[in-house]
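Student: I have just opened a new model and would like to be walked through it. Could we take it one part at a time?

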Amino acid sequence: MKTVLLYSLDGCPWCDELKDLLNSHSIEYVVRDIEKRDKEWENIKKETKNEFVPAVCILHHDKKMKEFILPDIHFEDVEECTEKVLKVLGY
């Protein structure tokens with residue numbers, strides 16, 4: 001089983017566009033608003049050396065690991081991010 005966490009910010013056009021794309025592919029995800037989860041976001045920033053949103057974390061429950069898909073590191077636009085999420089989820 002895998003869980004998709006989407007770290008986003010209210011009013012961020014890229015975050016909204018990624019949500020729309022994930023929804024169009026019927027991908028379930030949990031939104032983590034970085035303003036409401038500031039301590040969690042601080043930990044993610046330290047772990048990934050990334051401070052930009054939208055950032056995706058896919059939890060692999062069976063392997064007890066997490067995989068990040070990060071802007072400017074793993075993708076240049078939200079379409080590319082969506083493709084990577086689909087690939088990790090096995091679509």
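Tutor: Strands (E, at least two residues) and helices (H or I, at least four residues) are DSSP runs, numbered from the N terminus. Residues are numbered from 1 along each chain as its sequence is written. This is a predicted model, in which local features need pLDDT of at least 70, side-chain atom pairs count only at pLDDT 80 or more, and totals for chains, interfaces and linings use all residues, while side-chain values use heavy atoms, with hydrogens and water left out.

Student: How many bridges join strand 3 to strand 4, and in which sense do they run?

Tutor: The two strands run antiparallel and are joined by five bridges; strands count as paired if DSSP finds at least two bridges between them. They form a hairpin with four residues between them, and K64 in that turn has a positive phi of about 55°.

Student: What is the order of the strands in the sheet?

Tutor: The sheet is open, and its four strands follow the order 2-1-3-4 with mixed pairing. Strand 2 (30-33) and strand 4 (65-69) are the edge strands, each pairing on one side only.

Student: Which residues does L5 stand opposite?

Tutor: L5 stands opposite V30 in strand 2 and opposite C57 in strand 3. Strand 1 (residues 2-8) pairs with strand 2 in the parallel sense over four bridges, whereas strand 1 and strand 3 run antiparallel and are joined by six bridges.

Student: Is strand 3 enclosed or open to the outside?

Tutor: Five of the six residues of strand 3 are buried, so the strand is largely enclosed by the rest of the structure. Buried means under 20% relative accessible area, exposed over 50%, and partly exposed in between (1.4 Å probe, protein chains only). H60 is found in strand 3 and is buried, with a relative accessible area of 6%.

Student: What is H60 in contact with?

Tutor: Leaving aside neighbours within four places in sequence, H60 is in contact (heavy atoms within 4.5 Å) with M1, K2, M65, E67 and V88.

Student: Changing topic, which residues of helix 2 are buried, and which are exposed?

Tutor: In helix 2 (residues 38-48), the buried residues are W41, I44 and T48. They cover an arc of only 60° around the axis, which puts them on the same side of helix 2; the arc is that of the directions from the helix axis to the C-beta atoms. K39, N43 and K46 are exposed on the other side.

Student: What do the buried residues of helix 2 pack against?

Tutor: They pack against strand 1, strand 3 and strand 4. Helix 2 is followed by K49, whose phi is positive, near 60°.

Student: And how many salt bridges are there?

Tutor: The count comes to four, where a salt bridge is a side-chain nitrogen of Lys or Arg within 4 Å of a carboxyl oxygen of Asp or Glu. One of them joins K66 to E47, with the closest N and O atoms 3.2 Å apart. K66 lies in strand 4 and E47 in helix 2, so the pair ties together parts that are 19 residues apart in sequence.

Student: Which residues form a network?

Tutor: R32, R37 and E40 are linked by salt bridges in a network. The closest N and O atoms of R32 and E40 are 3.1 Å apart, and R37 meets E40 at 3.0 Å, N to O. R32 counts as buried at 18% relative accessibility, while E40 is partly exposed at 22%.
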